[in-house]
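Please keep the sequence and the 3D view open as you read.

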Amino acid sequence: MLDKFKVSILLQGLTLLLLGPACEASSLGLTVHVVPLNSDGGRTVRAHFMAIAPSPCPALTGLCAAGEDCLVHNTSLPFEGTKPESGWCVRQWQKTVPSDYNATISLGSNTKFYVSMNAGPKVRANSGRLNQPAYVGLPPPLRARVNCPHHLPLSVKDLDGDRVRCRFARPDQGECVGCTQHSFIELDEEKCMLTFTGKAAAGQYFIHLMAEDLIPVPKTIQVIDNKPLSSVPVHLSLTVEESTSSCSDEPLATGETPKEDSTLFVLPYQEVSFNVNYMSQLESVLEVAVVGPPELFRVGFKTVGPLALMTMAWVRSENKLARLLPICFAVNTKSLQSEHRCVWLYQREMRTLPAGTELMCEKTEMTLVLPVTSLGNINLAELQLNSPTCPVTYNSTHLTARISLSGCGTKTVHSGSELVYTNTLKSVRPYTMVSRQPSLVLPLACRIPGVQAKGPQYKISMPTEEETFGNVDFQIEIYFPGEGPMANFTRSPVFRKLQFSPGRVRREAESLSQINTTSINSSSSSSTNSTSTSSTNSSFTTPGVGSKVTKLDLHLMSNCSIDRAEMIVSNCIESEMEDFAVSHPILEQGCTTSTGTIEIVTTETNSRIYRLDMSNMQTQGSTMYIRCTVNLCIATLPSQKCPDLCTRAINTRKVIGSVFTKTYTVTSGPVSLVVTTAAPKITAVATTTTTAAPTAALTIANTASTQNTTTSRAPEQASAMATGVILTAVVIFLQNFFLY
């Protein structure tokens, strides 16, 4: 019997070894974008590596040896994440290697991975050019939950318009080392779609794939031997976590978030930007996890209840990056991850300008002189700058344009330490006109070195929180109903019914059936968040000494004196422990979690009061602590109000059009749930660090902390002499082209 027990333990140990967390020496993700070099007929390629390494972030030393054509991308805006729990960061570099390449690469001392690719030179019969291997967007480390099936689509592109197919890497062909095909991972090769079946133990797993490009063939034609033109590696990691909620609770992309596989075309020195908006009803978003090109700006990240927003922007400066650049992103909560999406930046290929073209940069304007003979069949009457108010003149020999640095649609962007003024001369036709004539797109730029771009206008910044809201401070205070500094509102209260949090609705369906019969929520109105007056609560009597506290009023207040400032309360929790090791929700995403919590209506927009029915609280002891997360908000338009978090249809435009403070966490001191002395006179103490509210032995001490913040940036302007740069291309479009 003992032997059988030992065998059982041994088998369990082997199972955990095989299905448990993966080796620490593995990367959490890898893609290689391959660009064949024409100089030697494609026998060598420039390989652009993008790898995700577990924290702590490894150094980039050792990737490039002396004499190699190799470049490490040290960025001032690193890509990092906290989920999964190990944390991660992105490392990027490029290197000239043979087209058929196999190597073991080390990142620091803890991360090692094997790379194999087959991009041997193949000249395409349809164009006479070297074949371009497929591109695959690298998503942030993937997360899933036990027993929750999930689709994991890969974003793929091909510059030649070839069909892209994904398959598992084959160890017998030397494409991977020690790789395993997991039974719970399915792959649709033609769609490059992974499916997690949910039938896996909690742990971290690796997926090794190869992406191949094939000549596209009509479905009506049967081709027996359509061999792939190239194959490049794709490594992914999947962290499976225990499930504590419904499988449909993942955050969802909303609003202005770009669609999957969107493509943004980028001219030299052009800035492109987009917003991402997500809704997470069950848990607050902790981060927007992003993997993208070097120097991708990520600004304005904010979470307000279930909403999360962020802006991403990229400026195309002079670079040696690949022509296609993916930006892949997803949002993480404590236990959930949204579906990832990828947006592609396409760096338009430029042509050489003809001799005689000049661009002169002066203090206030730039002047363009362009030989007319170089424009071929271009209709000169259709040419205009970013703004049509600035004229473009021409004669039989030259075209001339005088372009104001502060007008004519001129834009200002940053390229490293340089300040760059950009404009574009382009053909503009009426929307109703269809023409086969060629069109022109000519980017123009004046670059000012950072040492020259000085003066009061060079540093432009958005108003700080203190400039907008003042030096804000928050207090959390607990009183008996009808007492405290806002007793005029709590003595004869008007209640505002709150919706239940989505998670609570599912977990407590029985409680929902009692909402209409609960005295604290009684109201003849069926509308959401309606108001009513409760005689039961207005006649509250302070309990005697030794009695259990039955009702309390939770006051959340700020010292902000701005008339239009509104307080937004996202979450509140209560615990019997000072460190909140075990806690229970009071409010989730602005919504109540039980019938025992209801808001009291006041005219003070910078404060919130909640009536707590202690019989519905989870705390069973004689003391509890309360912790809440709050923001202040000002709507940018006087006719609007800040968003109401406790509603099923939050207007994301209201969130985008509002100004918020950073998120503050406010924690109470110990709250006695047993009356030990008669109620003395109330004296409110306004301080954020230590507040005492001696209300019938309710002793409160407050602490406030803030979450991480991000700063905004704005284009800067300077008046200085600079050298003119005409971007080395005239783009003449004779027909449209497509990316697949």
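## The nonpolar cores

The largest nonpolar core has 77 residues, and the members that touch the most others are Leu209, Leu236, Leu238, Val290, Met312 and Phe329. A nonpolar core here is a set of buried Ala, Val, Leu, Ile, Met, Phe, Trp, Tyr and Cys residues joined through side-chain atoms within 4.5 Å. Buried means under 20% relative accessible area, exposed over 50%, and partly exposed in between (1.4 Å probe, protein chains only). S2 gives the most to this core, with 7 residues. Strands such as this one are DSSP runs (E, at least two residues), while helices are runs of H or I of at least four residues, and both are numbered from the N terminus.

Which residues does Leu236 meet, leaving aside its neighbours within four places in sequence? Its contacts (heavy atoms within 4.5 Å) are Leu28, Gly29, Leu138, Pro139, Leu142, Leu154, Leu194, Tyr205, Phe206, Ile207 and Leu209. There is also a second, separate core of 35 residues, and among its members are Ile478, Val569, Tyr610 and Ile626. As a general background, nonpolar side chains tend to be buried together in soluble globular proteins.

## How to read the values

This is a predicted model, in which local features need pLDDT of at least 70 and side-chain atom pairs count only at pLDDT 80 or more, whereas totals for chains, interfaces and linings use all residues. Residues are numbered from 1 along each chain as its sequence is written, and side-chain values use heavy atoms, with hydrogens and water left out.

## The disulfides

How many disulfides does the structure hold? There are 10, each counted as a pair of cysteine sulfur atoms within 2.5 Å. One of them is formed by Cys57 and Cys89, with sulfur atoms 1.7 Å apart. The torsion about their S-S bond is about 115°, so this disulfide is right-handed. Cys57 sits in the loop between strand S2 (44-54) and strand S3 (70-72) and Cys89 in strand S5 (residues 88-98), so the link ties together parts that are 32 residues apart in sequence. Cys57 counts as partly exposed, at 30% relative accessibility, whereas Cys89 is buried at 1%.

Another disulfide is that of Cys361 and Cys446, whose sulfur atoms lie 1.6 Å apart. This link is left-handed, with -90° about the S-S bond. Because Cys361 is in strand S25 (residues 358-361) and Cys446 in strand S32 (residues 439-448), the pair ties together parts that are 85 residues apart in sequence. Both Cys361 and Cys446 are buried.

Cys572 is joined to Cys628 by a disulfide, S to S 2.0 Å, and this link is right-handed, with 115° about the S-S bond. Cys572 belongs to strand S37 (residues 566-575) and Cys628 to strand S42 (residues 623-635), so parts that are 56 residues apart in sequence are tied together. Cys572 is buried at 0% relative accessibility, and Cys628 is buried with a relative accessible area of 0%.

## A hairpin to look at

Strand S21 (residues 297-304) and strand S22 (residues 307-315) run antiparallel and are joined by 6 bridges; two strands pair if DSSP finds at least two bridges between them. Thr303 stands opposite Ala308 in S22.

The hairpin of S21 and S22 has 2 residues between the strands, and Gly305 takes a positive phi near 60° there.
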